[in-house]
Structure formats: C-alpha cells, structure tokens
Amino acid sequence: MSELQFPKEFFWGGATASNQCEGAWEQDNKGESCADHFTAGTKDAPRRFTKEFDPKAVYPSHYAIDHYNRYEEDIRLFAEMGFKMYRLSINWTRIFPHGDDAKLNQAGLDHYRKVLELCRYYDIEPLVTMSHYEFPYHLTQKWNGWEDRRTIDCFVQYTKTIMHEYKDLVKYWLTFNEINTPLMGAGVTMSLGMMPEAEKLVFGNAEQMSSKEATQIVNGLHHQFLASAQTVIEGRKINPDFEFGCMIASNIVYPYTCKPADVLAAWKQQQRTNFYCGDVMVRGEYASFTEAYHKDLQATLETLPEDADVLQAGTVDFYSFSYYMSGCATTDEEVLRKNKNVFSTAKNPYLEASEWGWQIDPEGLRYYLNETYSRYRVPLFIVENGLGARDEFVDGTVHDEYRIDYLRKHITAVGEAIADGAVVLGYTMWGCIDIVSASTGEMSKRYGFIYVDMDDEGEGTLNRYRKDSFYWYKNVIASNGAQL
Ligand code: BG6
C-alpha cells in the first residue's frame, strides 16, 4: 500500500493520437496530412518526409493499428482497465480534408461522434486534442502551413465545427499537442505544417537554425497562439463549461556541473523551451525573456496591434504536458560532443536510458510539476508519459515488468508532487495501446498496456493482447493509486 493520496476525481487513463493509431488514411474522404508523408524510420535512420509518395517506402500512418475500424474493441479494453479518461485526437483532415474546404466532411464528423458516444457509454471522459501532428498537407503546399496568418481562420473554422458538434460529449480540450517542439528542433513540419527544404524531419537544434528558419518558427507559433486563443474564446460561447488546456513537451534541463555558467545555461534552456509557449497560453502574454531570445535566434516576430487582446482573452484553464526524460546543459563543447543526448543536451551520468536513448528520470517529473505549478498556479495534467520498449510476445502476452517499474516510479513522483502542493487533474499514459512511434515511425517502439500484432513493415494480424502491465494498471486505477 502506498501512502500517497490522489484526489478522488483523479483522471486515470491513456492517450493516443489519430495519425499514429487510426490508419484508414483514405477512408471516408479523409484528406492527406503532413503525417501521411513521413516514411517509417529507425533510431539510426531518420524518417523521411516525401512530397510525393515513394512506392518503395513504408508510410505507417496509412495503416497504423487500424484503430479507425477497431475503436470499439480498443475502447472496450480501456474500459476493462477502468479508464476514467481517454485522450484522443480528432484528425483535422477527416473533418476538413484540405483544411480550407467550404464544406465539411460529414463521414468524418459521424465517425468521431460514434467514438465519443462509446467513451460516454463506458463512463470514460474524453480529452480531445484538436491538433496532434495532423496538419492538412494542402495548406502546407498552399501557404507553408502556420507560417501564413490565413491558416488561423481555417483552424478556427475546424475547431468551431467540432466544438458545436460535440458540445455535449466533450468537456476537456487541448488545442495543440506539444506546441513548443519547433523550439527544440522538432515538429517544424509535423506541428507547424511547414514544408521542409530537404527530406528531413527537423531544422536542427534551435541554436543551429538560420535567421530565416527561426523567423518562420516564431511567427508560426504566434499564429498558433492566436488560433488557440480564438478557439478558447469561441468555445466558451458554445459551452461555458468547456475546459481548455495548453500542451507542452516538458524539457527538464539540469546543469551538467555546478559551474555557474552551466547553471545559467540550464536555466536559460529550460526557460526558453518550456515557458515561451506556456506563458503566452496561460498568462496571455509573452515572457519577459522573449526579446532576448528572439535576438539570439535572430528572429523577427510580426504582430498586429489587436493580437495582444486576443491572447489575453483566450488563456487556457489548465496546463498539460508530456514527460519522458531529462537532459543536462553544459558550456563545455567537449562534454557535449562525447555525451550527446537528445535536444542538444548532454547525457546525465546518474541516469539510465531506454533503448532509444531517452534518459529515465521520475524525479524530474516531480521537479517539473512543482516548478510549473508554482509559476502558473493553474491545475496541471500529465497527458503523456510512458516507456517505449521492445516487447517480447510469448504465449499470447508480454511480461513487461520494465514498463511497470517505469510507470510505478513516475506515478509515485506525481503523488509526491501532489503532496508537495501541486494541483494535478490526472495522468493519461502515452500509447496505452501499441501505436506507431512519432519520432521513428516504428511499431517496435511500444508503449502499450495492450500488445498489437503488427511489425515495422506493416505486417501482422492486428490482434490485441493484454500485457502484464494491463492488469497492473487496472489495479492502480481501482485502488486510486494506493496500490502501485
Ligand atoms: C510525444 C508526442 O512527443 O511523444 C507523441 O506527442 C509521441 O505523438 C510521444 O508518440 C512518444 O514519442 P515516440 O517518438 O516514442 O512515439
């Protein structure tokens, strides 16, 4: 029995994104999204973005785990675990296939109605991400995605449509998934819908961006901030009970040594990657360090006089984030070169890493929850956390003690942060059923409580199987976190 206390109404659950689980990429008039143009990759061979489809390449979003057609079975399994919440994304290109269509796609709208009604049937509260790497490719070609201000109106047309349609089914909304990833050298095409110059997934680390790239990114983000704020403003008119959250990819950065220059470097990196977006979305204004940051990036932000009021009027109700790992900042180039970690940080010598090199740090989650709560004083929500691992499927199951161990430690850290004083609404474990990895496009990087028989080449029966962690999590939920 754990001593930790979780609130009675705590939202235990799991999370997915449509582009990583639905497949059925051409079914029911769905349009192409940027995610549909990413090939499968591996840890060592990055995914490629191809403008035209390469007949020799594998595009995992095209088939994924066919959740689009198997959602009934999947949600039944989530209900069996006792989920209180299911975080899913609505795919913009199923509702407006090109992003700027005059007419909506009724088949797409009907599909998500059935999914949401089923959640309600099982007493599972849906948490809907309105944009999780599902940017309409047509708008990428037409306007270079979020670089163009006109994209705001297209997005708000889409969000108003789904908020009207599902106003009695959905209460909790997230506007953009991991909105800050472009500042960490990822998500420029996936999230901002910008056409990459080459077949690469990223522009490079923030520090390596050209002035032109940095300008595109800060303006693209500004347009997303405005689109999010307008969505919040419109949503409150549709249903005053709606609750909106931002969604930030948390970036914990420790100083590699106690050398003051390292401490400052860590502080700076953490501020810039975590609070740049968070401040605009929670506080309704840019952070105090923004000008200095833009100067360092050599980026020019273009705003209109009326933007400030929109940002102020459309702030979110809660702060949600993903948490997977941490890293270290160093001013010693040699240390950085020898210990290269993800997101231009150095590896922490005190931490182990997953097979994909993500350093495992449950205490970092406690730290982040406290740090963020004391900055914003709005409820927090861990909407992604989990371990991507290679599972061994034997006799119809997976004995995934390593996953249980990871989750146990992270959930303990959440309980400790609550005891420290942070207000936390819930925890939705990432990839509650095995889905395609966003960074590598692999199926073999698995997170789920439920094993899906599908390999990296898209071969498999697609049958679902309960792993050991399935039963473990069921018990965690039933005991409201007392039995970890
Ligand atoms: C987050 C994304 O970055 O991390 C998810 O919001 C993603 O879409 C998750 O799947 C885990 O990353 P990966 O690359 O292991 O799938």
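**View 1. The shell around the ligand, by residue class.** In this predicted model, the shell around the ligand has six nonpolar, five polar and three charged residues. Nonpolar means Ala, Val, Leu, Ile, Met, Phe, Trp, Tyr, Cys or Pro; charged means Asp, Glu, Lys or Arg; the others, Gly among them, count as polar. In total, 14 residues surround the ligand. The closest are Gln20, Glu178, Ser439, Lys445 and Tyr447.

Residues are numbered from 1 along each chain as its sequence is written. Local features need pLDDT of at least 70, side-chain atom pairs count only at pLDDT 80 or more, totals for chains, interfaces and linings use all residues, and side-chain values use heavy atoms, with hydrogens and water left out.

View 2. A polar contact is a pair of N or O atoms within 3.5 Å. The side chain of His132 has an N or O atom 2.8 Å from a ligand oxygen. For Trp430, a polar side-chain atom lies 3.1 Å from an oxygen of the ligand. For Ser437, the distance from such an atom to a ligand oxygen is 3.2 Å. The protein covers 94% of the 370 Å² of accessible area that the ligand has on its own (Shrake-Rupley method, 1.4 Å probe).

**View 3. Helices α6 and α7.** Helix α6 spans residues 151-165 and helix α7 residues 211-238. They pack at about 30°, with axes 9 Å apart. That makes α6 roughly parallel to α7 (angles under 35 degrees). Their crossing is right-handed: the near helix is turned clockwise from the far one by less than a right angle. Helices are DSSP runs (H or I, at least four residues), numbered from the N terminus.

**View 4. Helices α7 and α8.** Helix α8 covers residues 260-283. α7 and α8 pack at an angle of about 30°, their axes 10 Å apart. The two are therefore roughly parallel to each other. α7 passes α8 in a right-handed crossing. Axes are lines fitted to C-alpha atoms over the stretch in contact, and angles run from 0 to 180 degrees between N-to-C directions.

How values were computed: Near = heavy atom within 4 Å. Polar contact = N/O pair within 3.5 Å; in protein donor to acceptor, adjacent residues only side chain to side chain. Parallel < 35°, antiparallel > 145°, perpendicular 65-115°, else oblique.
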